[in-house]
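Hi,

Here is the structure I promised to pass on.

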Amino acid sequence: MVRTPLTTEERERGERLGRLLREARGSRSMVEVAAVAGLSPETLRKIETGRAPTPAFFTVAALAAALGLSMDRIAASCAPVPV
């Protein structure tokens, strides 16, 4: 399967998601948050750094629950920025 390249908007949205997750994680370790969310620390690291800018919905939902974030807040934070 060949994956189409991400658009600039998709990459920027992934970066905004990563920043939001890092801020919400605060002083908690990646290992701790990943364990609560049922993910590997490597997956969380990739999302936080923007290397995985389009994570699956259920991955985002699990992280939201682990970090006490609403999906509405995540959606608002990651919405396209008007030009």
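**Salt bridges and the core**

Arg 45 is partly exposed, at 29% relative accessibility. Its side chain meets that of Glu 42 in a salt bridge, 2.5 Å from N to O. Glu 42 is partly exposed too, with a relative accessible area of 36%. Both residues sit in helix α3, 3 residues apart, or about one turn of the helix. Before you read too much into the distances: this is a predicted model.

The structure holds 3 salt bridges. Another one pairs Glu 9 with Arg 13, at 3.7 Å N to O. These two are both in helix α1, 4 residues apart, again about one turn. Glu 9 is partly exposed at 41% relative accessible area, and Arg 13 is partly exposed at 27%.

Then there's Glu 48 with Arg 25, at 2.8 Å N to O. This pair links distant parts of the chain, with Glu 48 in helix α3 and Arg 25 in helix α1, 23 residues apart.

On to the nonpolar side. The largest nonpolar core has 17 residues, and those touching the most other members are Leu 17, Leu 21, Val 33, Leu 63, Leu 69 and Ile 74. Helices α1, α2, α3, α4 and α5 each give two or more residues to this core, and α4 gives the most, with 5. Leaving aside neighbours within four places in sequence, Val 33 is in contact with Arg 25, Arg 28, Leu 44, Leu 63, Ala 66 and Leu 67.

Cheers

Terms used. Residues are numbered from 1 along each chain as its sequence is written. This is a predicted model: local features need pLDDT of at least 70, side-chain atom pairs count only at pLDDT 80 or more; totals for chains, interfaces and linings use all residues. Side-chain values use heavy atoms; hydrogens and water are left out. A nonpolar core is a set of buried Ala, Val, Leu, Ile, Met, Phe, Trp, Tyr and Cys residues joined through side-chain atoms within 4.5 Å. Buried means under 20% relative accessible area, exposed over 50%, partly exposed in between (1.4 Å probe, protein chains only). Contact means heavy atoms within 4.5 Å. A salt bridge is a side-chain nitrogen of Lys or Arg within 4 Å of a carboxyl oxygen of Asp or Glu.
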